[in-house]
Amino acid sequence: MRSISVPRLTVFSEAHILRNALFLFAITTLFYAVGAMLRLVQELSLFWPLNAVMAGIFARYVWLNRLHYYAICYGAMLLFDVVTTQWGMASLIINASNMVFIVIVAQLVMRDKQQAGSEPGPINALRLFYYCLIAAVFCALLGAIGSEGIDRQSFMPSLADWFSEQFSTGVLILPCVMTLTLPHEITRIHWKQLLPLLSLVLSVLAAIAVGGAGSLAFPLSALIWCAIRYPLPVTCALTLITGAAEIILVANSVINLAVSGPLQTAQLFSTRLGIATLAISPVIVSTSVAAINNLMRQVSLRADFDFLTRVYSRSGLYEALKKQPVNANQHMTVMLLDIDFFKSVNDNYGHECGDYVLTAFARQVREVVGEQGLVARMGGEEFVVAAKTRDPLDGYQLAENIRRRVESTVFHWRQQPLRTTVSIGIGSGTLGNRATIDAFNELLVEADEYLYRAKKAGRNKTCAKSVAETDIHHQEASA
């Protein structure tokens, strides 16, 4: 797959104040002009992107939130009205309402960033939904007052128009602005990757053809498919384009909500299709979430368990020990196990045979330990057991049970019998006031020392401090 590098584009820079000011003025003027062109007769606006775009810019670049930058944005709005309208004092109020939306959203997002201590980036979508709601309410209150002398609507209908327009465009545009990035490189696109996009286009065309209120829900399933297959910035952009297109199509009666569409179908037909689309969408999301959860479980399994032997990995053992209830009087036995002369198994029979022996060995240890303790592979042919025992002798007997079980087992590899033994070092003691992890680490050091002694004594041995002291006492008594 060929790829083409794309140079990174930086519009705003904290060090370039004049350039920031010029770009803010140009972007404000551009989107103000776009909103002005979309105005309908007798209505204030059809689709007003300016506020959401500027709110996203100020929220994304924290260092732009200075009084002089806000003043430049407000001044660009007023200058455009001076050139294109005769609103006079109403322009001051209407554009002040625009600034209310911009400032509220930007400040709320910045508060989240300060609390999280994170760099600018995508924020929680649910919070963004609420921030748009709050900002739209205050913007609508001021905007409805300022627009009373411009349109023929009374206060309450004007308030509803302002609120619905600001809220809808905010929810559509803000995620796109907050996540917008240029790709590091452009790769060749396979035709199958375009299927979600094609389904989205077809769903909008179907909405135009069918008409009715239910047709507005047609793109929902396609958008969810896009969300599953495409990166977040692409999904946000497609959602913005679809939502804006539907608003414009409805406003211009291309999608007719009141009567049947070009297919001359009944309203019930549109409603049924819309409900079907709504019904399948949660199923698509649920299926995707189930697949993600399954993947997360597999990742967790690989992280916490040794893939070959199915016992705990080192990190998994520590996580499991953290979840153990703390009891100061609880006695713990830590065993370090090393398969004797395991290298010769790999050298004489191959690594596949070695893997088989490791797996069978781990299974035997698990069967002997049972629910009494945790088994983990520390690496190579070395394993560890952390067991709850009554006293040192109980721990020693458990270790001896493991050693005898391994010694008496005959492994069969390609009809050839194999025998192996294990050397075990033991560390034991009560938890006391120590955390389980701290106690385990201390006992592991002790077990490592006695594992060395078991190997030095000829292997196939279980060696522990209490047993060594007992042997010394016996020798002294005999003397």
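Visitor: How are the residues numbered, and what pLDDT do local features need?

Guide: Residues are numbered from 1 along each chain as its sequence is written, and side-chain values use heavy atoms, with hydrogens and water left out. In this predicted model, totals for chains, interfaces and linings use all residues, side-chain atom pairs count only at pLDDT 80 or more, and local features need pLDDT of at least 70.

Visitor: How many helices and strands does the protein have?

Guide: Helices (H or I, at least four residues) and strands (E, at least two) are DSSP runs, numbered from the N terminus. By that assignment, the protein has 16 helices and nine strands.

Visitor: How many salt bridges does the structure hold?

Guide: A salt bridge is a side-chain nitrogen of Lys or Arg within 4 Å of a carboxyl oxygen of Asp or Glu. The number of salt bridges in the structure is 13.

Visitor: Which helix holds both glutamate 319 and lysine 322?

Guide: The side chains of glutamate 319 and lysine 322 meet in a salt bridge, with N to O at 3.4 Å. The two residues are three apart, about one turn of the helix, and both lie in helix 11 (residues 314-322).

Visitor: Is lysine 322 buried or exposed?

Guide: Buried means under 20% relative accessible area, exposed over 50%, and partly exposed in between (1.4 Å probe, protein chains only). Glutamate 319, its salt-bridge partner, is partly exposed at 37%. Lysine 322 has a relative accessible area of 56% and is therefore exposed.

Visitor: Is arginine 403 buried or exposed?

Guide: Arginine 403 and glutamate 407 lie four residues apart in helix 14 (residues 392-408), about one turn of the helix, and their side chains meet in a salt bridge (3.4 Å, N to O). Glutamate 407 is partly exposed, at 34%. Arginine 403 has a relative accessibility of 11%, so it counts as buried.

Visitor: How far apart are the closest N and O atoms of glutamate 442 and arginine 434?

Guide: Glutamate 442 counts as partly exposed at 44% relative accessibility, and arginine 434 is likewise partly exposed, at 24%. These residues form a salt bridge, and their closest N and O atoms are apart by 2.5 Å.

Visitor: What share of the residues in the protein is buried?

Guide: The protein has 479 residues. Buried residues make up 41%.
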